[in-house]
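This report concerns a model with its sequence. Please consult both while reading.

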2 protein chains.
Amino acid sequence: MSASDKTKVKRAPKRGFYDCETIYNILDNSFICQVAFVHNGYPVIIPTIYGRKKDHIYIHGATVSRMLVELEKGFPISVNVTETNGIVLARSAFHHSLNYKSVTIFGEALLVTNEDERILALKIISDQIIPNRWEEVRLPNEKEMKATKIIKIPISEASAKIRTGPPIDDKQDYDLQIWAGVIPIKTTMDIPIADPLLKDGILIPQSVNNLMKD
Amino acid sequence: MSASDKTKVKRAPKRGFYDCETIYNILDNSFICQVAFVHNGYPVIIPTIYGRKKDHIYIHGATVSRMLVELEKGFPISVNVTETNGIVLARSAFHHSLNYKSVTIFGEALLVTNEDERILALKIISDQIIPNRWEEVRLPNEKEMKATKIIKIPISEASAKIRTGPPIDDKQDYDLQIWAGVIPIKTTMDIPIADPLLKDGILIPQSVNNLMKD
């Protein structure tokens with residue numbers, strides 16, 4: 001992974017990682033990213049879902065969406081994925097922190113026009129959120145595909161930033177009578193709620209059961 | 001709350017909200033935002049913690065941080081806060097969605113220089129993550145305050161976008177033998193882990209106990 005001036009982690013450089021394995025692991029553990037681009041000189045930021053396949057991610061949206069109309073011009077974009085794993089409580093206010101894993105990608109958005117790749121991209125995004133759901137549902141028809149735009153973003157210029165572990169206080173503060181430690185933050189799936197309009201006798205499918213087991 | 005062309009929700013306009021109460025409630029339920037700004041023509045996006053007080057939010061960082069050096073020039077910035085509440089599984093791939101609450105703010109960053117407001121801003125950010133922790137810890141000294149920059153962002157141009165409830169499928173798809181519903185996503189605090197270097201006999205403080213009860 002190349003680390004240019006844009007991607008090089010400047011603050012707390014010991015927290016910076018540039019290897020594919022670290023970056024892909026963080027990307028594969030989430031499904032929501034924040035996409036930023038420049039529109040008329042202003043920064044625009046939009047949260048959206050994504051799916052990773054090899055060395056790129058796909059995002060999608062409505063054909064008419066402001067973001068995607070902009071992005072298909074190949075403008076530079078920035079993508080961030082962040083998971084928060086804990087609140088780090090130090091003895092000093094200054095050394096309070098978060099445990100987190102974050103990836104930032106700089107790149108140019110590519111409009112996907114090949115129909116096979118467009119369908120594959122939608123399956124990849126679907127699998128990123130809930131694996132194998134794609135095999136259970138009514139797949140997109142021609143009208144829905146026309147209403148959908150797919151954007152591909154290469155993960156060529158990217159960096160990860162990770163903080164783990166207990167607080168790090170100033171040496172003299174360790175003598176203070178102040179509790180310090182980490183409050184872990186967990187994101188969990190709760191019991192599925194069936195659509196009130198669900199027909200009788202339809203059981204919770206394999207994809208959902210598998211997700212609950214994770 | 002003013003809704004200009006920049007903040008007006010374009011996609012799924014029924015999901016757009018512009019009133020202060022809705023926007024503040026979403027902001028008060030999180031503590032991590034994504035800040036985007038333009039640097040040398042490129043969009044830069046950085047996750048950071050924030051605190052809301054009345055009609056503005058504060059963010060902070062190292063005096064030398066790339067983001068804050070840029071932001072103090074009063075450049076336009078965009079801030080997004082998003083919480084994900086559920087995976088919405090429809091009968092059709094096309095109508096899969098997420099339940100979420102999201103706020104986007106467009107504005108200009110103001111460097112805070114008044115020392116009283118700077119200290120207050122740090123307390124507000126601290127309270128946003130864990131109320132009353134500020135009263136338990138060793139407060140910032142002069143050296144730490146010098147190393148810290150505070151940025152204030154007015155919540156004057158902002159919008160919220162919210163999706164809740166079950167999937168909405170095409171009429172004819174309701175007859176399909178496909179499970180549909182919502183998998184709720186919950187973010188919870190786990191049992192606090194004491195710093196391995198914590199002195200004996202220091203109990204978990206009130207601020208942490210209160211947070212666990214929420």
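The account below covers chain A as a whole, one of its helices, and the relation between the copies.

The model is predicted: local features need pLDDT of at least 70, side-chain atom pairs count only at pLDDT 80 or more, and totals for chains, interfaces and linings use all residues. Residues are numbered from 1 along each chain as its sequence is written, while chains are lettered from A and ligands numbered from 1 in the order in which they are written.

Helices (H or I, at least four residues) and strands (E, at least two) are DSSP runs numbered from the N terminus. A residue is buried if 20 or more other C-beta atoms lie within 10 Å of its own, with C-beta atoms placed from the backbone. Two residues are in contact if their C-beta atoms, placed in that way, lie within 7 Å.

| Property of chain A | Value |
|---|---|
| Secondary structure | five helices and eleven strands |
| C-alpha trace along principal axes | about 65 × 50 × 30 Å |
| Buried residues | 40% of 214 residues |
| Contacts with a separation of 6 or more that join residues 24 or more positions apart | 74% |

Superposed by least squares on C-alpha atoms of residues with pLDDT of at least 70 in both, chain A can be laid on chain B with an RMSD of 0.0 Å by a turn of 180° and a shift of 0.0 Å along the axis. The two copies are therefore related as by a two-fold rotation axis. The same surface serves both, as 100% of the contact residues of chain A recur in chain B. Within chain A, T187(A) comes closest to the rotation axis, its C-alpha lying at 2.2 Å.

Definitions and conventions: Buried ≥ 20, exposed ≤ 12 C-beta atoms within 10 Å, placed from the backbone.
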